Amino acid sequence: MSSDQAMWEPKYATRAARMQASEIRELLKLLDEPDIISFAGGIPDPALFPVDLIRTAYSDALGKNVGAHKLLQYSISEGDPALRRWIAGYMAARGVPCEADNILITNGSQQGLEFLGRMLLNPNDTALVMAPTYLGALQAFAASEPVYDELSLDPTNRTAASYADAARAGGGDVKFAYVVPDFSNPTGETVSLAGRRHILSLAADLDIPVIEDNPYTTLRYEGEAQPFVQALDVAVCGGIDQSRVIHLGSFSKVFTPGLRVGWVCAAKPIIRRLTLVKQASDLNASALNQAVMCRLAEQEFDAQVARACKSYRVKRDAMLEALAEHMPKGSIWSTPEGGLFVWVTLPDGFDTAALLPKVVADARVAYVPGHAFFADGSGCNTMRLSFSLPTPDVIRDGIERLGAVLKSADI
Ligand SMILES: Cc1ncc(COP(=O)(O)O)c(C=O)c1O
């Protein structure tokens, strides 16, 4: 730690002291070096951004004086009513009948995660998260100083009482279960129907909300779609306003993360309370960006999903084939039906964090060491690979180079 950094450390509140630089964000800096093949960033392929459409949508939105002035003004914290109506239709088509008043627009689903942590967690309360789970969620919740316990999908593994007892021993209560059910970040895996039902039944026993974070759900390349956890709950509890599931959605992976438009879909009392959190935080999401996203969604959503799926599917196939050819013996990896990630587990003895500098130096390839995604820092022999950015040929080349360095590693 530098001396100017050391001067500030004692002054930070506990919640700030717990905020550490994200390994992923640090790694993204590597993308600036042109010869690096990066499987590290989980970011969407910019070649898929509908730039011309977005340009036209901004130009049209600002072209009419009255409309332009309104879109450049502060606006309501809940978000643009037309966009919320479109999202309500999207949710209804996926088994969650709801109204615009069940939707809050957020600056990306990341903001929804941070708000929910703030709204639901007292210090030392427990959040149930899968191992591994989305690192950004761990960071978003960290500000609320929680304890993490592993959300197991094996019903024989843990009882509701054992979760409650562990939370009490840690000085708090179990406050929610968090899950990325479709093509999860980091594993690319999908939670089975039985797994979804188990989460709901555990949540009912503990009387806690379930946060369903589902930004990748439309990027499905094969296989049958599973119902949203929220849809399963709504089907039995009678309606969205009785549901314990809080669903987070996002336009980032389908259109672009640059406009920062995501949403929360939940029972109205939760939306009303979250709206107060949003007001206190940043008043409202950009009215202009919401208007542009609304037009993109209304005009192009299905076509854009089809374009993205077509492109990512080829890349996923290239990565899976190359892994089969080049990974060290004894390695295993996920076979994602969608999303942007493959999760690799190397044989025992490999330490992917320790090996990364060598892989970057010798192979000019980057990945994310898997331990970053475990709340307890385990998973040393795992890594997350994203196939979203490089072309299929570059993916094959990169996996071959990665495999060569791993096979030569002295473990
Ligand atoms: C599982 C998951 N949730 C949420 C987010 C945040 O997405 P955004 O804030 O762009 O909607 C990401 C981004 O990578 C993610 O992987």
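User: In β8, which residue is the bridge partner of Thr-106?

Analyst: Strands of a sheet pair through backbone hydrogen bonds, either parallel or antiparallel. Here the bridge partner of Thr-106 in β8 is Gly-262. β2 and β8 (residues 262-265) pair in the antiparallel sense over four bridges; two strands count as paired if DSSP finds at least two bridges between them. Strands are DSSP runs of E with at least two residues, helices are runs of H or I with at least four, and both are numbered from the N terminus. This is a predicted model, in which local features need pLDDT of at least 70 and side-chain atom pairs pLDDT 80 or more, while totals for chains, interfaces and linings use all residues. Residues are numbered from 1 along each chain as its sequence is written, and side-chain values use heavy atoms, with hydrogens and water left out.

User: In what order do the seven strands of the open sheet stand?

Analyst: The order is β2-β8-β7-β6-β5-β3-β4, with mixed pairing. β2 (103-106) and β4 (147-150) are the edge strands; each has a single partner, so one side of each is left without a neighbour in the sheet.

User: Which strands does α7 lie across?

Analyst: Contact means heavy atoms within 4.5 Å. Angles run from 0 to 180 degrees between N-to-C directions, on axes fitted to C-alpha atoms, for helices over the stretch in contact. α7 lies across β2, β5 (174-179), β6 (210-213), β7 (245-250) and β8, at about 155 degrees to β7. Helix α11 (residues 229-237) also packs on this sheet, touching β6, β7 and β8, and its direction makes about 145 degrees with that of β7.

User: How many residues surround the ligand, and which are the closest?

Analyst: A residue is near a molecule if one of its heavy atoms lies within 4 Å of it. The ligand is surrounded by 13 residues, the closest being Ser-109, Asp-213, Tyr-216, Ser-250 and Ser-252. Helix α7 (residues 108-120) gives the largest share of this shell, three residues.

User: Which oxygen distances apply to Tyr-216 and Ser-252?

Analyst: A polar side-chain atom of Tyr-216 lies 2.6 Å from a ligand oxygen atom, and one of Ser-252 lies 2.6 Å from a ligand oxygen atom. For Lys-253, a side-chain N or O atom is 2.8 Å from an oxygen atom of the ligand. The ligand taken alone exposes 390 Å², of which the protein buries 92%; areas come from the Shrake-Rupley method with a 1.4 Å probe.

Methods:
Polar contact = N/O pair within 3.5 Å; in protein donor to acceptor, adjacent residues only side chain to side chain.
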